[in-house]
Amino acid sequence: MAGKEPSGRPLSPHLQVYKWGPHMAVSIFHRVSGDGLAIVGALMFLGWLGAIAAGPEAYAAFVACVWHDPAGGGVHQVTNILGKIVLVGLTWAFFQHLFSGLRHFVLDTGAGYELKANKLWSTVVIVGAILATAATWLYIAKEALNG
Amino acid sequence: MGNGTPLGRVRGLGASHHGTGHWLQQRLTALGNVLLVTWFVVSLLRLPLGDHAALMQWASKPMVAFALILLVVSVFWHLRLGLQVLIEDYVHGEATRLLSIVLLNFYAFGGAAYGIFAIVRIALAPAALGPGGM
């Protein structure tokens, strides 16, 4: 079957022989952000929804684990930090996947494949997602300080 | 089109054996997600997330509960398609791939059912129906 003898067939160019560019990055980021949202994001969402449905105590326990524990338990100090890292990651994944998905809608029409246009819009997606994530968390921090 | 067998061309399903169905469903649910998830993220930013009673009041509004159920359907449909492609690309061997697809379907359908059930529980909770309940 998978023989070691060299075959005369041309090899498919693989990752290490490509020069990395924004169009490659935006492609793999689309998959990474989508799968992150599909697994981590969806489970967080279901946990949040289930905790609301289960009642005030269950919801308080969820918030204490993910965001802030007024009692300040030792384990929760760790999970609060992890929770915020995960939430920032999910925010980035949301914007990255949204902007990249909108780019795919344009590509579906057959537009935007020219080298310069492709590179430009790939860069816009990546930079836009980082800026939107930063803006969102600045807003959250501002609201937290004010209220 | 053009170099397939006559039967293949009549069926129009191509090398994947299910034509453009997957692609089209992915795009349609993507459009749904653009609207519904953007609405949801904006709502999260505006809601007092530490206040359980306020969240119950918000999520039990008929239009909100309705939109949340649509969101669960659109998101879990879309993520099932996306994770299916991930499995098809990276999981090799027929048995492990089949097992992975089965687990994916348990996750997608189970998760969607859990989410919709939670929304219904919130919307029909006695506290959400006002004095006297139902």
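Me: Leaving aside its neighbours within four places in sequence, which residues is His97(A) in contact with?
Reply: The model is a predicted one. His97(A) is found in helix H3 of chain A, and UniProt lists His97(A) under "binding site" in an unreviewed entry. Once neighbours within four places in sequence are set aside, the contacts of His97(A) are His30(A), Ser33(A), Gly34(A) and Leu37(A).

Me: Is His97(A) buried or exposed?
Reply: A residue counts as buried if 20 or more other C-beta atoms lie within 10 Å of its own. His97(A) has 27 other C-beta atoms within 10 Å, so His97(A) is buried.

Me: At what angle do helix H3 and helix H4 of chain A pack?
Reply: H3(A) covers residues 74–108 and H4(A) covers residues 115–146. H3(A) passes H4(A) in a right-handed crossing. Their axes are 9 Å apart, and the packing angle is about 145 degrees.

Me: How do the residues of the contact of H3(A) with H4(A) divide by type?
Reply: From H3(A) the contact takes in residues including Trp92(A), Phe95(A), Phe99(A) and Arg103(A). Among those they meet in H4(A) are Trp121(A), Gly128(A), Ala132(A) and Trp137(A). The residues of this contact divide into nine nonpolar, six polar and one charged.

Me: How far apart are the end C-alpha atoms of residues 81–99 of chain A?
Reply: In an unreviewed entry, UniProt places the feature "transmembrane region" at residues 37–61, 81–99 and 120–140 of chain A. Residues 37–61 are 96% helix and 0% strand, with end C-alpha atoms 23 Å apart. Residues 81–99 of chain A are 100% helix and 0% strand, and their end C-alpha atoms are separated by 27 Å.

Me: What percentage of residues 61–79 of chain B is helix?
Reply: For chain B, an unreviewed UniProt entry gives "transmembrane region" at residues 30–49, 61–79 and 99–124. Residues 30–49 of chain B are 85% helix and 0% strand, and the end C-alpha atoms lie 27 Å apart. Over residues 61–79 of chain B the end C-alpha atoms are also 27 Å apart, and the helix content is 95%.

Me: Which element gives the largest share of the side of chain B that touches chain A?
Reply: In this interface, 21 residues of chain B are in contact with 17 residues of chain A. Helices H2, H3, H4 and H5 of chain B each give two or more residues to that side. The residues on the side of chain B divide into 15 nonpolar, five polar and one charged. The largest share, seven residues, comes from H5(B).

Me: Which helices do the buried residues of H5(B) pack against?
Reply: H5(B) has 30 residues and reaches 43 Å from its first C-alpha to its last, close to the 44 Å expected. Its buried residues include Ala108(B), Gly111(B), Ala118(B) and Ile122(B). The buried residues of H5(B) pack against helix H1 of chain A together with H3 and H4 of chain B.

Me: What separates the C-alpha atoms of Leu70(B) and Ala118(B)?
Reply: Leu70(B) lies in helix H4 of chain B, and Ala118(B) is one of the buried residues of H5(B). Leu70(B) has 14 C-beta neighbours inside 10 Å and therefore counts as partly exposed. Leu70(B) and Ala118(B) are 48 residues apart along the chain, and the separation of their C-alpha atoms is 13 Å.

Key. Residues are numbered from 1 along each chain as its sequence is written. Chains are lettered from A and ligands numbered from 1 in the order in which they are written. This is a predicted model: local features need pLDDT of at least 70, side-chain atom pairs count only at pLDDT 80 or more; totals for chains, interfaces and linings use all residues. Axes are lines fitted to C-alpha atoms, for helices over the stretch in contact, and angles run from 0 to 180 degrees between N-to-C directions. Helices (H or I, at least four residues) and strands (E, at least two) are DSSP runs, numbered from the N terminus. A crossing is left-handed if the near helix is turned anticlockwise from the far one by less than a right angle, and right-handed if clockwise. Two residues are in contact if their C-beta atoms, placed from the backbone, lie within 7 Å. Ala, Val, Leu, Ile, Met, Phe, Trp, Tyr, Cys and Pro count as nonpolar, Asp, Glu, Lys and Arg as charged, and the others, Gly among them, as polar. UniProt positions are given in the numbering used here, feature names are shortened, and annotations may be inferred rather than shown by experiment. The expected span of a helix is 1.5 Å times one less than its number of residues. A residue is buried if 20 or more other C-beta atoms lie within 10 Å of its own, exposed if 12 or fewer, and partly exposed in between; C-beta atoms are placed from the backbone.
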